[in-house]
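Let's take a friendly walk through this model, one region at a time. Keep the 3D view open as you read.

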Amino acid sequence: MATQFRECHSLILKKIELRNFRNYVRQSSEFSERVNIFSGANAQGKTNLLEAIYLLALGKSFRAGHDRELVRHDCQAFSVQGMLTGDVFPVQPSTITINSDGSRKKIFLNGTPLRKQTDLVGMAKVVLFAPEDLQIVKSAPSFRRQFLDIGLAQCSSIYRDDLYRYTAVLTQRNRFLKDQIGKRVDRNELAAWNDQLIKYANRVAAGRYHGLAILAPIASRYHAMVSNQREELHVSYKSALNPASKSSLEPAAETYGHALAAKLHELEYAELARGLTLAGPHRDDLMLTIPDQGELRVYASQGQSRTAALALKMALVELIKEMTGDYPLLLLDDVLSEFDNERKSALLETVMGITQTFITTTDPERFSDNPDCKMFRVEGGAIQE
Ligand SMILES: Nc1ncnc2c1ncn2[C@@H]1O[C@H](COP(=O)(O)OP(=O)(O)OP(=O)(O)O)[C@@H](O)[C@H]1O
Ligand SMILES: [Mg+2]
């Protein structure tokens, strides 16, 4: 199956160098602009490599609780360096370097340190699809919020800043509420925190509504394709602040702030009793439904969860392209074994032809005669072409 590449894409990871990262001592690999296949037995370093690529894009791992875990055992520090081309970079190719001793991380663009980690986000954009992503469909709202937030943060520096500020205000407001327990409430300070919270909540909600308005129809289209037109996926924003418009993407985001103000007033007693902010974007959710069947979170079968998660991830690839002009790097970690042949073909034929792709698998045979694929073998923390 040779894939027709639709266009010349600008964002390419040409090369990676790892030093004392996870089970890699010293590794240098050059990648194909198209599809890169990493095969090998279990526990050899396939996911570790995808983790390093993800790190170059987002400055943090998708699975390590702490950077300390990324430093090779018995070593002092790790280094991950990527050489990339893309319109966002000042020179072609540019290098992103991430050094960490496990507690302090330094990020460099072409040798110059970045001021903060979030300045990295949005350069080497990435979409990862791993078996754990099934949780997006069935698990708690935080998984769905995170799915959308990581996507949008890579699309817009404004969204990134708004989300960062909202989270900071939320933390401080919670601290204030906790501090008021059992005391006479400082009304002026509460009003000031409410204003700040509402201001950034409004912006975060606006960003999410906007992104979702683009993402939802694409996800539906992919879902119809992967499910062979059997089922239709509806994606909408779900917020306690907007109960009347549960299934719509239309509610004007500017009304969100007004609704939040009213809700904070209504919840004041409960918030002060618990020392916790009980409404806002940090409590919202994405609602995934199949008409006539109800919410997937409640009713989805394993297969339906897989199809919906796949459709959402493929839609995220398109959303990033739509909002930034760049297709993200696509990382597929061991997901092929999760799918039946029908879904496997849908995934490979659509997404593989769009963007630079990195696939880990224990079953490389299906790719070996594909001229679009560069084959790598991963063994004991070493990658060989
Ligand atoms: N900080 C570290 N230092 C040294 N080795 C590590 C470190 N962190 C993880 N490893 C090792 O890396 C290996 C796991 O690598 P990885 O998760 O990439 O496996 P994989 O090839 O993706 O396997 P699978 O097919 O099972 O998913 C394990 O053997 C683990 O012990
Ligand atoms: Mg793995």
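Asn 228 counts as partly exposed because its relative accessibility is 45%. The cut-offs are these: buried means under 20% relative accessible area, exposed means over 50%, and partly exposed lies in between, with a 1.4 Å probe and protein chains only. Please bear in mind that this is a predicted model, in which local features need pLDDT of at least 70 and side-chain atom pairs count only at pLDDT 80 or more, while totals for chains, interfaces and linings use all residues. Residues are numbered from 1 along each chain as its sequence is written, chains are lettered from A and ligands numbered from 1 in the order in which they are written, and side-chain values use heavy atoms, leaving out hydrogens and water.

You will find Asn 228 in the loop between helix H5 (187-226) and strand E9 (234-238). Helices (H or I, at least four residues) and strands (E, at least two) are DSSP runs, numbered from the N terminus. Most residues other than glycine have a negative phi, and most peptide bonds are trans. Asn 228, however, has a positive phi near 60°. Gln 229, also placed in the loop between H5 and E9, has a positive phi of about 65° although it is not a glycine. Gln 229 counts as exposed because its relative accessibility is 62%.

## The open sheet and a cis bond

In which order do the six strands of the open sheet come? The order is E2-E1-E4-E5-E6-E7, with antiparallel pairing. At the edges are strand E2 (24-30) and strand E7 (112-113), each of which pairs on one side only. Two strands count as paired if DSSP finds at least two bridges between them. Strands of a sheet pair through backbone hydrogen bonds, either parallel or antiparallel.

Within this sheet, strand E4 (residues 78-85) and strand E5 (residues 94-100) are antiparallel and share seven bridges. Opposite Phe 78 you will see Ser 100 in E5. The loop between E4 and E5 holds Pro 93, and the peptide bond joining Gln 92 and Pro 93 is cis, with omega about -10°.

## A covered strand

Strand E13 (residues 357-361) is mostly covered, as five of its five residues are buried. Thr 357, Ile 359 and Thr 361 point one way from E13, Phe 358 and Thr 360 point the other way, and all are buried.

E13 has parallel partners. Strand E3 (residues 35-39) pairs with E13 over five bridges in the parallel sense, and Ser 39 stands opposite Thr 361. Strand E12 (residues 329-333) also runs parallel to E13, joined by four bridges; here Asp 333 has Thr 360 as its bridge partner.

H3 has 15 residues and reaches 21 Å from its first C-alpha to its last, close to the 21 Å expected at 1.5 Å a residue. The expected span is 1.5 Å times one less than the number of residues in the helix. The buried residues of H3 include Arg 144, Arg 145, Phe 147, Leu 148 and Asp 149.

For helix H4 (residues 157-180), 24 residues at 1.5 Å a residue should span 34 Å, and its end C-alpha atoms are 35 Å apart, which agrees. Among the buried residues of H4 are Tyr 159, Arg 160, Asp 162, Leu 163 and Tyr 166. Ser 156 caps the N-terminal end of H4, where a side-chain oxygen lies 3.2 Å from the backbone nitrogen of Ile 158. Just after H4, Gly 182 has a positive phi of about 80°.

## The largest pocket

The largest pocket has a volume of about 1,100 Å³. Of the 36 residues that line the largest pocket, Tyr 54, Lys 60, Gln 146, Asp 149 and Ile 150 are the closest to its centre. On a 1 Å grid over the protein atoms alone, a pocket is an open set of points where a 1.4 Å probe fits, with protein on both sides within 12 Å along at least five of seven lines; lining residues have an atom within 4 Å of a point. Grid points are joined across faces, edges and corners, and the volume is the space filled by probe spheres set on the points.

Which helix gives the largest share of the lining of the largest pocket? That is H3, with nine residues. Elements that each supply at least two residues of this lining include helix H1 (46-58), H4 and helix H8 (302-324).

Conventions
Polar contact = N/O pair within 3.5 Å; in protein donor to acceptor, adjacent residues only side chain to side chain.
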